[in-house]
Amino acid sequence: MLRLRTLVRLRWLAVIGQTVTVILVALYLGYPMPLGFCLGLIAFSAWLNIFLSIRWRGSQRLRPRMAGLLLAYDTAQLAGLLYLTGGLENPFAFLFLVPVTVSATSLPLRSTLALGALTFGCATALAFYHLPLPWPANSSLQLPKAYVLGLWIAIACGTVFSAIYARRIAEEARQMSAALGATEMVLAREQRLSALDGLAAAAAHELGTPLATIALVAKELKR
């Protein structure tokens, strides 16, 4: 299960990265883009993080449904930013892989499949509907449809491969952890049994010494 602190920290990283990228493209490079709408989406994620941090403790473990909804929001927020900045033509479209990979490592298969379906839907919609890619005002960039299709296939394949790989690795880690726990229990039991054997031997020795003395004295008295 995911902790709330983990998702909050990941979203803060996304907020910082998105803010720096948007400001760099709009102000430093001077490319025309809807800066206000982009910053509004990023600010909403920041406010959501603040609300979650105030409302619940960071160490709280999230239920799969709640964690899936938060990851679904991250996917939808990224899709909104990509819609404003060129759709799949935006080189940051590969970030669709992040929520699905996080889900595959810690959430049930059903949640991962639902999040993967949402990712495919968003990627498909962005392949056809999006605002122009930010580019210098005195020139234009029109990518071929075949290239956009290739980007969609790459995102789809990357999402599936990353989810399967991450889930497999996480499952093996859980199995190793369970095996280690079982081994530690067996070793602890063996240690307890060994301690009992030592106590039994010590008790037998302590009892045997006076009994031997008594037997010897009894033989001497009998003689």
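Which residues make a nonpolar surface patch of about 460 Å²? In this predicted model, where local features need pLDDT of at least 70, side-chain atom pairs count only at pLDDT 80 or more, while totals for chains, interfaces and linings use all residues. Residues are numbered from 1 along each chain as its sequence is written, and side-chain values use heavy atoms, with hydrogens and water left out.

The patch is made by Trp12, Trp47, Ile50 and Ile54. Patch members need over 30% relative accessible area (Shrake-Rupley, 1.4 Å probe) and no salt bridge (a Lys or Arg side-chain nitrogen within 4 Å of an Asp or Glu carboxyl oxygen); nonpolar side chains are joined within 5 Å. Helix α2 gives the largest share, three residues. (Helices are DSSP runs of H or I, at least four residues, numbered from the N terminus.) Trp47 sits in α2 and is exposed at 60% relative accessible area, where exposed means over 50%, buried under 20% and partly exposed in between.

Turning to the rings, the whole structure holds four aromatic pairs (ring centres within 6.5 Å; planes under 30 degrees apart are stacked, over 60 edge-to-face, the rest tilted). One of them joins Phe44 and Tyr73, with centres 5.9 Å apart and planes at 50°, so it is tilted. Phe44 belongs to α2 (residues 35-55) and Tyr73 to α3 (residues 64-84), so this pair ties together parts 29 residues apart in sequence. Phe44 is exposed at 52%, whereas Tyr73 is buried at 19%.

Phe161 and Tyr165 have centres 6.0 Å apart and planes at 15°, so they are stacked. Phe161 is exposed at 57%, and Tyr165 is exposed at 51%.

Key. Helix = DSSP H or I, 4+ residues; strand = E, 2+ residues; numbered from the N terminus. Buried < 20%, exposed > 50% of the residue type's maximum accessible area, 1.4 Å probe, protein only. Patch = residues over 30% accessible without salt bridge, like charges linked within 9 Å, V, L, I, M, F, W, Y side chains within 5 Å.
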